[in-house]
Each structure stands twice: as structure tokens, then as C-alpha cells.
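Dear colleague,

Please read the notes with the model open beside them.

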Amino acid sequence: MKSIAAKFLPPVGVLAILFSVFVVYRNYQNAQRHASRLMNEQASLAMEFDLAIRGYIADHIRPYIKQNISANAFHPESMSTSYVARNVFEDVAAHFPGYILKFSSRNPRNPKNKAGEQELRVIEYFNAHPNDQAWQGKLEVGGKEYIAHFRARRMKESCLRCHGDPADAPVNLIAMYGDEAGFHQQVGKVVALDTVMIPTAATNAELISGIVQPSLIMAGGLAVLFVSIAFLFKKLVANRLADMARHFSDIIEEVDSGKIRHLEITSNDELGSLASNFNSLADRLRDAREKLEFRVEQRTAELAQMNRQLEQEIVQRAQAEKNLNAERKHYETILETVPAFIFLRDEHNHIHYANKRFRELFGDPADKRCFEVMKHRQAPCDDCSADRAIAQGLFDEKECARSDGSVFFVSDAPITGTDGKQFALEVGIDITDRKKAELEVLEIRQRLHDIIDFLPDATFVIDKTHTVIAWNRAMEQLTGMTKEEVIGTNDHRYSVPFYGDRRPALADIIAAEKPSACTYDISIPKANGAVFAETFHPSFRGGEDTYMWLTASPLLDANGNVAGAIESIRDITARKQAERELEQAKQSAESANKSKSEFLANMSHEIRTPMTAILGFSDIVAEGVACCPVCVNHQDCHQRARTKDAIETIRRNGKYLLDIINNILDISKIESGKFVVESVTIDPQSLIHTIEELMRVRAESKGLNLIVEKRWPLPRTITTDPTRLKQILINLVANALKFTETGEVWLIVGVETASTTAQQIVFDVIDTGIGIREIDQRGLFHPFAQADSSTSRRFGGTGLGLSICKRLASLLGGDIALVRSAAGKGSHFRLTVDPGPLNEKSMIMAEDKDSHSSTKAEPDKLNEYADLPLCNVRILLAEDGPDNQRLIAHVLEKNGASVDIATNGEIAVRNAWTRHEHGEPYHIIIMDMQMPLMDGYEATRQLRNRGYQGTIVALTAHAMDSDRERCLEAGCNEYATKPIDRKALIELLAQFAT
């Protein structure tokens, strides 16, 4: 047991310690704030001193020196503010070791002014915040903490003479420091800092030493005070309470003796009053104990006498009750376990006993009459067997039906009670299930006959003796034989209409104990014993040739043995005719589809070939557009502007025509099932970044905001077809920009759960454009569908884009849906794509999203053509079109290649092989795949068969994936399409040229 001192003194000690810590902490905080303020004042003073020195040099000394030296001279010792200030600081720093006073620069002339890592960050901060001129705070440099003050030095126009172009600088400055250090600066940029840094370590050490001694003195004083309080508390309170506690313990041990000793009263305070009250209570308890003991003794004697009498009576009654219960339990067990219901009723229909089975069937019969419980009647039953048994004194029995449909077989026996009363003991068995089963068998038998009779197929049934037991109406119509003629016969009479003689049918084979082999035209045995067969009957019943489909199945008895068989016969002549017609239709459809594919391929080639010349020569003309003969200002020439506008119109409409062709080809490939999607791992954020860069130019040209939002977490990688996913997103965003005049377009990407085991990546495209009327939303994803005719006239387009995107999204395991749209209120489209399993892929959370580095678009390599990537490359161009010959040759020669032309495949093979034999083979052959006399496929095969190892690049207007595969199979190394993309073609050829 803990003493009061042990409970009181520790909290007092803890409070004293907490008070001491609080006082020390407050003193330390105040001292630290004071020291920090002093160090900041020192740093400010040093910074102002530095600025004053630099200002004095710049305003007074430098102008004076300039007047006395040559214009192309510069003396850093007297004219450079940083040079003079640094020399002053070096003298000062000798008296303040650890202080840093310098002129920090990113590219200093003096290595001592080289900015450290922290100073470079401050320079970047000032460049990012052009309105800020000063910064102060704590920094850690070289593992030490400093109070730092910085002033930004921004490059001014007047400073460029010494810090701009080295060609403008004083000659002696270049001689001293070279032409790199301190030069090449830009006006407005922060290139250096005035730096003052004061170490905090020495000041903090002095603070701590100044706090320790007062803290120790205060701790000693508190310890003395605590010991004094503990001594006085123990002497005045704890010891006296301990004496009382010992006295109470002694009394508890002696309580059985009835004596309670008094406490000694030693003082006149609260503890003395407590002892006096205890003594008075002890006297009263002693008197009450003596009176209670006398009364207990008296009552105990009386109770003992009564207990002896009661024990004798209990023993006698227990024996009698035990015998009676044993006999009663025996009879009740018999009655309760009988499966039949049993009850005992008197002549007034009151139930005196009912066994367990009765209660289960009819409920609790307490205070009820038998007809109320069993039949829910309010009057006695007519012709009651129990009444007859009581009245006649004879045994009686009958079937009894209840209103709920249940049926019982009951037996009643008369019984006379000890008092002369008459009772009837009724025993009943529930035969409801048996009655129902009998009725169900009859109903099933009749229903089976009705079903067979009304089956649309001709059907008959035989037993295991091959006797016909059922013959339906359809069988009568098919054979012309009635039920009366066939049922009961077993001589195969039913086979005569089919085979002209009596022989076993399919059902006979199934019903036989040892089934024989089936001899029909087609036989398909099934696992359950059933057999399907097909047979042909020429001129059936004097009519036309007929095909029959036969189905036979065994009928089993209760033991699983074959008891007969059922056979159905169906005339399938019409179906056979339909199958022949369907096969012919299929062949016609395949032929039409092949013709359509060939038409689309030829259409693509015939359109792409002239488009190559149109777009290519429009680029060439655009490069060489000249002014009119009389214009003064080349840039303001109206004729040149009109010409360039016309050329741009040609290019824009040509590309639009190509987009239409590509869309038609995509639709064709999707519909024919030949459209193949890739499944590769990509970075979704890089894809989004690329789309954002492509679309932002279009958005800015219309004055729209393009907002890209990423809802975290997002997967670092997904598995899909990047080309098709990019095609869908560009189409959706381009549509949103096209149909939006003011406002903004949102592209939102996130991940959502599609089911309990799968997730989808979701792209939402939302705009504030013209919207779509509800009536026009139904056919939105149908090919060639647009909201209305005015949409096509106003914005252009064929209506194929959304249809293709819808089908592409399905191929990517997702879908496109219009979430909401209304006329004049914008639209919201949602694209879902299956990203592959994400449970094993790393997810980017919101807090580390900045760690992702977006892939930057490659620079436009058209500007690199000046480097002549095809310099000295010998190229044979096999092309039959004169326009394309001149265009492609112009592009190749402009990039440094030497070009020979062959107008068909035969010339191309001859020229290529001739150069090969003379030891000067072509580096690259560009082979048009459709040419007269000999096409590119055959020309390539002949060269490869001769052993030609040089590079052959196919050039074709076909854009199907199968066309590319066909070119590669012929022996081509790569594949390019018409119209040519000059940039892509040059990059492709440059790969093989190297």
C-alpha cells in the first residue's frame, strides 16, 4: 500500500521540475531572440557598409579615374566596385574569423567570388522574382549555420561594357581575365549577389553557457525546498496517519473477540477529532453486537425444530412423486414417439390430451374443441367417426379431408373414464403425400400424352417390346396412318411410309437391349443415350424429295433400365434449301467484300498518287514565292501574300482530302475484321503531354484555354496501342476545339474501377462549345452522321471521326460515350480504355507527381536539311509518274543526293544491276510498287533473286497494313506512302544512308 507521502510528494516534485524547465526555456528563448536580432543588425550593418563602399566608388572615384585614363582602359583596383569592396572585406575578415563577406557571382573573374550551391539558389530565386531586391534568413553552408543577407545585382545597360560582349570591353580587362569570365551577361538578369553571412555557432555556445549556471542554482534551491516540504509533511501528517492505520489493522484481526480498543488522542486538530469520533463509534458497535447475538441464539433453536419436521415430510413426498413420475414418463414416451397423431376427446368434443405429432400438425389444442383445431370449424363435423365410436361403443375408421387439402386415415376407439365419462381415443396417419402422388401420376400421364399429341414434330413412343404406345397428330399427318391403326402394333408397320417395307426405326435401335449400329445417312450419338440422324427420302409419299431429321432417346424406368424409346421426325427440306441459298449468299458477299477492298485500295492509290504531286509542288512553290515587279517592301507585297494564301489553301484542302481517305480506309478495315491493334507498354503521361503540345497551338489560334488535368494516382505505364489511343484523343480534343468559339476545353485523365477485379483508364474531354441537341445525339456515332447539315457547312468534316473512334475504343477494350450535352452549353465525352492489369504496376501518387519528366517534342528537323543528310548518296528512283518524278527528285537532290530515274520496273532492274556489276551500286533504290510493264513487287523479287543486297524502300499509295506486309515479303527493307512526307522520307533514307 502506498503512503500519502508517496502519493503527495512526487506530483509536487514533478511540478517543481516542470516550472524549472519552463523558466530555463523562456530565458533561453529570450536570449536567442536577442542574439538573433544582434546578428541580423551586424549583417545589415556590414551589408550597408558594403553598399556604401560600392556606391562611393561608382559615384565619385570611377568618374574621376575615367577622366584621367584612356577610353579603352579600365583599372579594377580603383574602378571595380566589387574589387575594392572585396579587398576591404578581406582586411575586415581577418578580425572576424568565420564571417563570410563576399561578392558572389555565377561566372566571376576572381575565383574567390565563385558562388556556392546555396548562393546559386538565391540567384535563381531573384531571377524568378524580379520585384525582390533583398533576401535574409538562415542558411547552412559547409555543415555550418549562418545568418545570411543578400542583395541582388541586376545587370544594367551601363554594365555591359565590362560584362557584355568581350569585343566591347577594355583591352587590359581582357588581358587580365580573358574573354569568358564575367562576360556574356544580359540586361535585367541577376548575375551576382552582395553576400554577408555570420556564423551562429559561437553565439549559440555563449547562450548555452550563460543559461547553465543560473539553471543549476535554481535546481539546487528547488531541491532544498522539496526536501524541507517532505520532512514537515511526514512529521506532521504521514506519521500520525500511519499510527491510525496500524490501529485499525489490529482491530480487524481482533474483531471476533467483540472488543474494539480506543485510539489515543494526542492533539486537538482534525486528526484528534477523527480519533474521538472513532472511539464513540466503537462503543455503540459493542452494545449492538451483544443484543444481536442474543436474538440469533433464540431464533436458531426454533428454526432447528421446524427443519427436522420438514425433512421427514419431504422424504415421504419425494418417494411418492418419484414413483408416479416414472410411470407417467413411460406412457408419455410411448405416446409422444408414435409417428401417428393421437388425441383423447370427450363427448363434448373437448381435447384432454394430444401427443407431439398432433401438436406438430394442428398446433396447441389447449381450451379448444377438436373440430376447431383440426378443421378450423365453429360447429361439429358431420358423420364424425369419434362420435360414432362414443355413441355405439365400437371401433370406427375413415378418410378425413381438411380444408387445406391434407388427407388423414383415422381410427377411433371408445374409452370409459374412472368417473364414468365417455371418451374417444383417435389415432390418425397423414396420407396427403400418397394421395397427391397418385393424382400427380394420373395428371403426368395425361399431360405427357397431351404434350406428345400436340408436339409440332411427328412423334411416336414404343415400349421395350417395340409396341407403339403413343402416336401424335403430326405423325398422322406425316404418314397418313391414324392412332387406331398403329397403337398396339409391334410389327414395324410405322416404317412402311418411309422405307416401303417393315424394318426397325431409330427408336427400335435405342429400345433394344443390345443396340445395333445405325445405318442412316448421318448419325450423331449423344452422351445421354440419345441419337440424332438424318435421312433422305426421294419422292416421299409420291411427292418431292424430302430430307428428314430423326431424334430418338431412351425412356428409363425407376431403376434406370431402358423401358422404351421416343422418336421425333422433322421435315428439314426447307432448311436444307435455305442452307444452300445461304452458302451461295456467303460466296456472293465474300466476292463483294473482296471487290470493295480492291476498289478502296485502288481508290487510295489513284488519289494518293496525284495528291503527292499536288502537295509536294505546293511546298516547292511556297518556298519560292517572289514579289511582284513593282513592289517596294517585300514583306508588304500583296501579290506575294495572295499567292502564299492560295498555296496554303491547296495544302490545307489536300490534307483534308487525305484525312477523308484515311478515315474511309479505317472504316473498311474495321468492318472487314482486318484492323489489328498493338499491345505495348507506354507512359500515359508522356502521351498526354504530346497531345497537349499538338493541340495547344490550335487552341491558342482560336483564343481558347486548353486545360489538362491529371487525377491522381495514375499508373506509370499502361499496356495498349499508343497510335490508336493518340488518334482517338486527338480527334476528341480537335472536335472540342473546332466546335468551341469562346471559353475553354478540358482534357482530364484518371483511373476508375470498372468491376471488382478490373480497372479502366478514363479520359474526359469537356468543352464550352455549341453543344448537341438531344434529337441529334442518337446517331452521333454512326458513320457519316453529324448534328445537322449546317454543322458540315459551317465546320466541315465527313462525320466519320466519332464512328471510327467508337470502334477503335472497342478494340482497345473500352468505349466512348456522350456523358452530357445540350445546345449552347457544351459537351462532355468520355473515353475508357483497358490499361492492362494495374495491380502489379507502380502508381504515381499526388505528392510525387512532379517527379515525372514529360517527354519533350523533338525539334523540327526540317531546319536540319541545310546539313544535307543525303550528301553524296546515290539513289535510283523507280516512278512512272512524271510529276512525282520531278517532285521526289527535287526533294532528294535538295538534300544532297544524286538521283537517277527509271520509268518502270524493267528499267529499274536493268539499271540497278548494271551499276552493281560495275562496282558503283546505288546506295538506295526507291521503288514505286505500281508501274507499267513490271510493277515494283516483281522488280524487287527479281533483284533479290539475283543476289542484290542493297537497300530498297517501297513507295506506294496503298495504306493498308497488308500492303506494308506485302512489300516486305517481296524483299523491300522499308515502306513509305504517298503523298510523301518530306521530313519523314528524308529521315528514313538518312538511316539507310549511314
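Does Arg-493 count as buried, partly exposed or exposed at 29% relative accessibility? Arg-493 counts as partly exposed at that value, where buried means under 20% relative accessible area, exposed means over 50% and partly exposed lies in between, computed with a 1.4 Å probe on protein chains only.

Before going further, please note that this is a predicted model, in which local features need pLDDT of at least 70 and side-chain atom pairs count only at pLDDT 80 or more, while totals for chains, interfaces and linings use all residues. Residues are numbered from 1 along each chain as its sequence is written, and side-chain values use heavy atoms, with hydrogens and water left out.

Salt bridges

A search of the whole structure finds 26 salt bridges, each being a side-chain nitrogen of Lys or Arg within 4 Å of a carboxyl oxygen of Asp or Glu. Arg-493 is in one of them, with Asp-491 as its partner and the closest N and O atoms 3.5 Å apart; Asp-491 is partly exposed as well, with a relative accessible area of 26%.

Another salt bridge links Asp-453 to Arg-473, with the closest N and O atoms 3.1 Å apart. Asp-453 lies in helix α12 and Arg-473 in helix α13 (residues 473-479), so this pair ties together parts that are 20 residues apart in sequence; helices (H or I, at least four residues) and strands (E, at least two) are DSSP runs, numbered from the N terminus. Asp-453 counts as buried at 12% relative accessibility, whereas Arg-473 is partly exposed, with a relative accessible area of 43%.

The side chains of Glu-709 and Arg-711 also form a salt bridge (3.3 Å, N to O).

Asp-457 is placed in the loop between α12 (432-454) and β10 (458-463), and it counts as buried at 17% relative accessibility. Leaving aside residues up to four places away in sequence, Asp-457 touches Asn-472, Ala-474, Ser-568, Ile-569 and Arg-570, contact meaning heavy atoms within 4.5 Å.

Pocket and cavities

The second largest pocket has a volume of about 990 Å³. On a 1 Å grid over the protein atoms alone, a pocket is an open set of points with protein on both sides within 12 Å along at least five of seven lines, a cavity is a set where a 1.4 Å probe fits but cannot get out, and lining residues have an atom within 4 Å of a point. Of the 37 residues that line this pocket, the closest to its centre are Arg-54, Arg-62, Thr-81, Cys-159 and His-163. With five residues, α1 gives the most to the lining.

The structure also holds three cavities of 30 Å³ or more, and about 190 Å³ of space lies in the largest cavity. Among the 18 residues that line the largest cavity, Lys-375, Cys-381, Cys-384, Cys-400 and Glu-426 are the closest to its centre. The element that gives the most to this lining is α10, with three residues.

Best regards

How values were computed. Grid points are joined across faces, edges and corners, and a volume is the space filled by probe spheres set on the points.
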